Amino acid sequence: MALAERAAKALVKPMVARVPGPPELREAFESSARRNHWAPPGAIWRNSRLGDLEAVWVSVGRPQNNRVVFWIHGGAFVCGSPETHRHMAAALAKRMRCEAVLPRYPLAPEEPFPAAIDALTGAYRALIARVPRGRVTVAGDSAGGCLTLALLGSLPAAEQPGAAVAISPVVDLSGTGGTLDAHAAGDVLLPRGRFNEMRGMYLGEHPVTDPRASPVHAVFNAPPPVLFHVSAGEMLFGDTKRMVAALTAQGHEPAVQIWPNAFHVFHLMQGIVPEAAAAMDHIATFIDRFVPPTGS
């Protein structure tokens, strides 16, 4: 992990800080994924639609149960795609012997809030019309973690999934999470200076307190079991602590795994750092507990 951290701080963080805008950031992210990220051997891809969205499905070998992971990719609401994250979803699908689906949701600034959460809600509802909701896990990383929690906060009890996973989620777009500034220098991946810029592209003049934008303000009536993964040294560490506290205050019991020597969404480094594989093992074990391999 130490070598990967040094590489991220020396190469990735400066690149994210200097690229002029979303088009260049998207190309850099996609190019890096093509060069550096590999799916497990035997991964099978197929394309379809969920609601109004295109979606990429992935499995490794033949799925052995009717579980589905609905994976919402990260990318600061302005970049990322199923292609940048499908290797990570495939790693989890392999462990769970199931399929994962990555919806291609609309990105800002071309399609600002609430386009992404509206489209993802429609795609999720299209999925649970085909798969029992209790067999679905909703998972997301970074901005995708925000959208995961926003989805849970907006769904009625009758539509909640069986489990949820949020990896280093953004939960408060006001930028007052407590560790954004305190951990800015030490965060090896995220440049603090771009947070407000990306928020503006996503939200425009929309209030940051809207719970579908900042789920720390949401009321969760009947959420499924939720697992959080976060690094103790990243800027968004405070966001996860506040979100866990908010859910606990509402009577829920979220689980949280803090990685002391890691960086923002290190899970992307499947096959490169052993901690990424350990993180996926931990997520799969959590899901198995609440959405077991057998059942209907």
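Select the lining of the second largest pocket: by class, nine of its residues are nonpolar, one is polar and two are charged. Here Ala, Val, Leu, Ile, Met, Phe, Trp, Tyr, Cys and Pro count as nonpolar, Asp, Glu, Lys and Arg as charged, and the others, Gly among them, as polar. A pocket is an open set of points on a 1 Å grid over the protein atoms alone, where a 1.4 Å probe fits, with protein on both sides within 12 Å along at least five of seven lines; lining residues have an atom within 4 Å of a point. The model is predicted: local features need pLDDT of at least 70, side-chain atom pairs count only at pLDDT 80 or more, and totals for chains, interfaces and linings use all residues. Residues are numbered from 1 along each chain as its sequence is written, and side-chain values use heavy atoms, with hydrogens and water left out.

Among the lining residues are Pro 223, Pro 224, His 252, Glu 253 and Arg 289. Helix α8 (residues 274-290) gives the most to this lining, with three residues. Helices (H or I, at least four residues) and strands (E, at least two) are DSSP runs, numbered from the N terminus.

Next, select Gln 160, in the loop between α5 (143-154) and β6 (163-167). Is Gln 160 buried or exposed? Gln 160 counts as buried, at 3% relative accessibility; buried means under 20% relative accessible area, exposed over 50%, and partly exposed in between (1.4 Å probe, protein chains only). A polar atom of its side chain lies 2.9 Å from the backbone oxygen of Leu 152.

Move on to the largest nonpolar core, which has 47 residues; Phe 70, Leu 127 and Leu 147 have the most contacts inside it. Such a core is a set of buried Ala, Val, Leu, Ile, Met, Phe, Trp, Tyr and Cys residues joined through side-chain atoms within 4.5 Å. Its largest share, eight residues, comes from α4.

Then go to the loop between β4 (99-103) and α4, where Pro 109 is found. A cis peptide bond joins Ala 108 and Pro 109, with omega about 0 degrees. Pro 114 lies in that loop too, and the bond from Phe 113 to Pro 114 is cis, with omega near 10 degrees.

Finally, select Ser 168, in the loop between β6 and α6. Its phi is near 45 degrees, a positive value in a residue other than glycine. Ser 168 counts as buried, at 2% relative accessibility.

Conventions: A polar contact is a pair of N or O atoms within 3.5 Å; within protein, one must be able to donate a hydrogen and the other to accept it, and residues adjacent in sequence count only if both atoms are side-chain atoms.
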